[in-house]
Amino acid sequence: FLGGIHEIYFPYILAAPKLILAAIAGGAAGVLTFVVTGAGLVASPSPGSIIALMAVAPKGGHISVLAGVLAAAVVSFVVAAALLKFGKDARREEREQQIANGGTV
């Protein structure tokens with residue numbers, strides 16, 4: 001977020017590939033927010049840190065840029081939390097079923 005090195009989180013997403021859906025949903029929510037609020041930048045932020053992003057936001061456009069970033073983060077978190085919870089429930093049910101059938105975990 002501050003340093004702009006986003007490759008650091010890829011191993012965490014790829015450890016549970018269903019989290020790719022959370023990244024996609026977050027990206028879509030951010031882009032939708034940018035379109036609705038008319039957000040834009042005057043140059044490409046490099047590296048893609050929040051500091052660089054705010055530096056290239058046009059005068060008066062900082063709130064809409066921050067709104068898109070916040071929307072993307074919230075949607076990514078909610079989708080990832082839901083996906084990880086669903087997987088946890090399925091594993092719990094599978095273990096309970098094995099125990100009920102006299103198997104071992």
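Of the 105 residues in the protein, 23% are buried, where buried means under 20% relative accessible area, exposed means over 50%, and partly exposed lies in between (1.4 Å probe, protein chains only). The structure is a predicted model, in which local features need pLDDT of at least 70, side-chain atom pairs count only at pLDDT 80 or more, and totals for chains, interfaces and linings use all residues. Residues are numbered from 1 along each chain as its sequence is written, and side-chain values use heavy atoms, with hydrogens and water left out.

The protein has four helices and zero strands, giving the order α-α-α-α from the N terminus on. Helices (H or I, at least four residues) and strands (E, at least two) are DSSP runs, numbered from the N terminus. Among contacts with a separation of 6 or more, 60% link residues 24 or more positions apart; a contact means heavy atoms within 4.5 Å.

The annotation "transmembrane region" comes from an unreviewed UniProt entry and covers residues 19–43 and 63–84. UniProt positions are given in the numbering used here, feature names are shortened, and annotations may be inferred rather than shown by experiment. In the model, residues 19–43 are 76% helix and 0% strand, with end C-alpha atoms 30 Å apart. Residues 63–84 are 100% helix and 0% strand, and their end C-alpha atoms lie 31 Å apart.

Accessible areas come from the Shrake-Rupley method with a 1.4 Å probe, and for residues only the protein chains shown count as cover. A nonpolar patch with about 880 Å² of accessible area together is formed by Ile-8, Tyr-9, Phe-10, Tyr-12, Leu-14, Ile-20, Leu-21 and Ile-24. Helix 1 (10–15) and helix 2 (19–37) are the elements that give two or more residues to this patch. Patch residues have over 30% relative accessible area and no salt bridge, and nonpolar side chains (Val, Leu, Ile, Met, Phe, Trp, Tyr) are joined within 5 Å, like charges within 9 Å. A salt bridge is a side-chain nitrogen of Lys or Arg within 4 Å of a carboxyl oxygen of Asp or Glu. Ile-20, in helix 2, is partly exposed at a relative accessible area of 38%.

Helix 2 also holds Thr-33, which is buried, with a relative accessible area of 18%. A polar atom of the Thr-33 side chain lies 2.8 Å from the backbone oxygen of Ala-29. Leaving aside residues up to four places away in sequence, Thr-33 touches Ala-67, Gly-68 and Ala-71.

Key:
A polar contact is a pair of N or O atoms within 3.5 Å; within protein, one must be able to donate a hydrogen and the other to accept it, and residues adjacent in sequence count only if both atoms are side-chain atoms.
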